[in-house]
Amino acid sequence: MKARVHPLRRPLRGKAVRVPGDKSISHRALLFSALADGESRIAGLAPGGDVRSTARCLAQLGVPLLRGDGTPWSAPRSATERFAPPERPAGSSALPEHDPDMGPDDAMVRGVGMRGLRAPVADLDCGNSGTTLRLLCGILAGAQVPATLVGDASLSGRPMERVAAPLRQLGARVRTGPSGRPPVVVEPGGAIRAGAIASEVASAQVKSAVLLAGVFAEGETTFTEPARSRDHTERLLRQMGVKVATRGTTVAVRGPARLSPIALEVPGDLSSAAFLLAAALIAPEGSSIALPHVGVNPTRAGFLDALTQLGARIQLDLKREAQSAPGGEPVGDLSASAQRLRGTELDGDLVLRAIDEVPILAVLGAVAGGTTVIRGAAELRVKESDRLAQMARGLRAMGAQVEELPDGLRVTGASGARPLRGAEIDSAHDHRIALAFTVAALAADSPSVISGAEWADVSFPGFFDLLRSLGAEVELVA
Ligand code: S3P
């Protein structure tokens, strides 16, 4: 599918625009409640393809899951069937009772306990989702459930030894495919022993895999990383009754643990909100957008600090009461209006806390006056695509001057009211590339075409319709 995106001619306006539920928290809410003793209820799950991959894998592992419309998530019935139709499968009596008040993005999960997962009959297809594959790896190693985890073409090219190696250090039997990529095979045997893992990469996915394996082991398992990655796992495990301690960049969990079920409302995803905030900032004078109930976890909210550095003023109304709610995630209402931006240097801890927002920050850099330098983002080379290369290529096609650095980008926009020109951009099968260039196209001097626009659905289904409802002109063509 192609999106033809026209330059914005009039202000972009939206009050109370709900963004999809936070993807990172949604994965964790489903995975951890699958291991709990009892029934959990999760409201406002991320509706995109990634979280559906997690839910389907859990169904394959024998976890009864009911979606908001009352249909269960079903597992394939054979090794050759990829997805079963959403009809009631055998054994559905174990499904949670449907509550008609549930919204379309809500789910009920009947936890099977720490030892209740069953070995899947087919490969676990994690689709495009690195979080699904890596976190499941930790859980399956801990629970000693043999399985083969696979993904789509993009996920099949991503590094998995970063998860497999520490799990092996803890006693698991985990194999990766050629060059350490998927498929990842969790083999029978290999009980987890508590231990201390030091990681060369700051990664919440690796940390979570280790901590999740650790909750199955007797004693304390620690994970130390070079800088502190997002802490959603720590917060949610604590809420579910696990002993978790944080000392600097080391996190410790004590096992064996039991998880209590939760009732959780997932906040809006700041990584999705970022595209709308950016669109409002670079839109014509008079634009403004308000996004209620967005997660602003400080280990994740580097984007907001980056905006301050770019000279933007964003309103954040922190809803303190949400901090003490289950999940323990700070939540706030965000709003932004059209403003002039100035180039800046972004590096270190801030970039780690904005790692998924680097593509849209590069777009803002191309629209800002002066030069923006982003460093410390080498991890972007092994995301759903090589995001540094894709951003450099696309922004150059739109007329910006871009130097690709080993770990970042130096971006200088042309000056003037319309600093970018319309271009044809390929999403490279990467949702954040599709979304970032759609926003860039709003500030161009002529229409742009984004091919592979359907990839936006991985994290932000309905993005193009939403933009249209705010005043943008976007046409979708098959
Ligand atoms: C995520 C962690 C980050 C992030 C990804 C989601 C998570 O990846 O880029 O989109 O939910 O734990 P890394 O752990 O590889 O840095």
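1. Ground rules. This is a predicted model, in which local features need pLDDT of at least 70 and side-chain atom pairs count only at pLDDT 80 or more, while totals for chains, interfaces and linings use all residues. Residues are numbered from 1 along each chain as its sequence is written, and side-chain values use heavy atoms, with hydrogens and water left out. Helices (H or I, at least four residues) and strands (E, at least two) are DSSP runs numbered from the N terminus.

2. Thr299. You will find Thr299 in the loop between β15 (288-295) and α8 (302-309). Its relative accessible area is 9%, so Thr299 is buried (under 20% relative accessible area, 1.4 Å probe, protein chains only). The Thr299 side chain makes a polar contact of 2.7 Å with the side chain of Asn297 (a pair of N or O atoms within 3.5 Å; within protein, one must be able to donate a hydrogen and the other to accept it, and residues adjacent in sequence count only if both atoms are side-chain atoms). A polar atom of the Thr299 side chain also lies 3.1 Å from the backbone nitrogen of Asp231. Not counting residues up to four places away in sequence, Thr299 touches Arg228, Ser229, Arg230, Asp231 and Arg353 (contact means heavy atoms within 4.5 Å).

3. Glu187. This residue sits in the loop between β9 (184-186) and β10 (196-198). Glu187 counts as buried because its relative accessibility is 18%. The side chains of Glu187 and Arg175 are joined by a polar contact of 2.7 Å. Apart from neighbours within four places in sequence, Glu187 is in contact with Pro146, Arg173 and Arg175.

4. Strand β7. In β7 (residues 147-150), Ala147 and Leu149 form the covered face, and Thr148 and Val150 the uncovered one. In a regular strand, side chains alternate between the two faces of the sheet. Strands β6 (residues 124-125) and β7 pair in the parallel sense over two bridges (pairing needs at least two DSSP bridges). On the other hand, β7 and β9 run antiparallel, joined by three bridges, and Ala147 has Val186 in β9 as its bridge partner.

5. The four-stranded sheet. This open sheet has the order β22-β23-β1-β24, with mixed pairing. Both β22 (424-426) and β24 (474-477) are edge strands with a single partner strand each, so one side of each has no neighbour in the sheet. Strand β1 (residues 2-5) pairs with β24 in the antiparallel sense over four bridges, and Ala3 stands opposite Leu476 in β24.

Key. Buried < 20%, exposed > 50% of the residue type's maximum accessible area, 1.4 Å probe, protein only.
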